Amino acid sequence: MTRRHVLDVTDFTASEIVSILDLAERPIESLGRPLDGAGAALIFEKPSNRTRHSMEMAVAQLGGHPVYTRGEEVGFDTREPVEDIGKIMAGYHQVIAARVFDHATLDRLVAAVDSLDGASTIVVNMLSDRSHPLQAFADALTMRQRLGELESKTVAYIGDYNNVARSLAEISLLLGMKVRISCPPAFAADEAELERLSLIGSGDVLQTARPHDAVAGAHAVHTDTWVSMGQEAEKEVRRRMFEGFAVDAAMMSLAADDAVFMHCLPAYRGFEVTADVIDGPQSVVFQQGHNRMHAARAVLAFARRNGERA
């Protein structure tokens, strides 16, 4: 059986991403039951709503049994070394999916699983400080459903260049899109990161501190909260530093006529987006949220089976 760990969008080629998006739109029953009778450990160092529910349902729809576990219950490097936890879990489960503070934890889980003879368990990134690949697959699926062929279309990301922004940029570039990023200088991608992005897919990436320039003519406009989990103490400082970066109706009016507004949620109306935009006719945030389950199911099916046969 073919298996793939899923740590970053760039673990996949452009054609593999298209195959996964195709799988996400197929009827559930056509995917078979690649997790039939298998366990899936879902470990959350950070709390979650969409990721937990979408992953639990995706595992169940593929015939598996999800086991939700809080981070403190396994205690990465507090109760036990990450490696010991990975090797034990691999004896119980065919999937170890984790939402972690430090991306290195995922790398160590992969190394631990791969060190076992005959292990067939896959490790899946449900969010790390570096990337959020399952969110990116849901983003790409939503854009394709709403915009059609994505090649040469433009996506704008406004806000903090964080894990969500990085994975969105990667999957968009791999699908041939033009990427426009606009962040306050203290929260922008550095030159090394921009150079790395320029080597992916279309390589058409531009960063500007002027959000209106980034949005002009864009077909999709994304943003994210300015204050992620663990950054609550910085809320007021960040609010001042992000002044001018809220996506409002005036900013959206600069985008293409059929542009969509996207947000990975949770959203804070009046901060990174105004209510008339996120609750307006161009918003696709709930379709985007629902696609988290379809994308997760497709990624798991692809990772557990050869994508061309699935």
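Guide: Contact here means heavy atoms within 4.5 Å. By that rule, 13 residues of domain 1 are in contact with nine residues of domain 2. The model is a predicted one.

Visitor: How do you know where domain 1 and domain 2 lie in the protein?

Guide: The domain assignment places domain 1 at residues 33–131 and domain 2 at residues 133–285. The C-alpha centres of domain 1 and domain 2 are 28 Å apart.

Visitor: What makes up the area buried between domain 1 and domain 2?

Guide: That area is about 830 Å², and carbon and sulfur atoms give 63% of it. On the side of domain 1, Arg50, Arg130 and Ser131 supply 49% of the area buried against domain 2, more than any other three residues.

Visitor: Why is helix 6 called oblique to helix 7?

Guide: The axes of helix 6 (residues 133–147) and helix 7 (residues 163–174) come within 8 Å and cross at roughly 50°. Angles under 35 degrees count as roughly parallel and those from 65 to 115 as roughly perpendicular, so an angle between these ranges is oblique. Helix 6 is therefore oblique to helix 7. The crossing of helix 6 and helix 7 is right-handed.

Visitor: Which residues make the contact of helix 6 with helix 7, and how do they divide by class?

Guide: Helix 6 contributes residues including Pro133, Phe137 and Met143, while helix 7 contributes Val164, Ser167, Leu168, Ile171 and Ser172. The residues of this contact divide into eight nonpolar, three polar and one charged.

Visitor: Why are helix 1 and helix 13 also described as oblique to each other?

Guide: Helix 1 (residues 14–24) and helix 13 (residues 285–304) pack at an angle of about 120°, their axes being 8 Å apart. Roughly perpendicular ends at 115 degrees and roughly antiparallel begins over 145, so an angle between those limits is oblique. Helix 1 and helix 13 are therefore oblique. Their contact includes Ile20 and Leu23 of helix 1 and Val299 and Phe302 of helix 13. By class, the contact of helix 1 with helix 13 has seven nonpolar, two polar and two charged residues.

Visitor: What makes helix 4 and helix 5 oblique to each other?

Guide: The axes of helix 4 (residues 82–90) and helix 5 (residues 103–114) come within 8 Å and cross at roughly 50°. Helix 4 and helix 5 are therefore oblique to each other. The residues in contact include Glu83 and Lys87 of helix 4 and Arg108 of helix 5. In all, this contact divides into five nonpolar, two polar and three charged residues.

How values were computed. Residues are numbered from 1 along each chain as its sequence is written. This is a predicted model: local features need pLDDT of at least 70, side-chain atom pairs count only at pLDDT 80 or more; totals for chains, interfaces and linings use all residues. Side-chain values use heavy atoms; hydrogens and water are left out. Axes are lines fitted to C-alpha atoms, for helices over the stretch in contact, and angles run from 0 to 180 degrees between N-to-C directions. Helices (H or I, at least four residues) and strands (E, at least two) are DSSP runs, numbered from the N terminus. A crossing is left-handed if the near helix is turned anticlockwise from the far one by less than a right angle, and right-handed if clockwise. Ala, Val, Leu, Ile, Met, Phe, Trp, Tyr, Cys and Pro count as nonpolar, Asp, Glu, Lys and Arg as charged, and the others, Gly among them, as polar. Domain bounds come from an automatic or database domain assignment. Buried area is the accessible area (1.4 Å probe) that two parts lose on being put together, summed over both.
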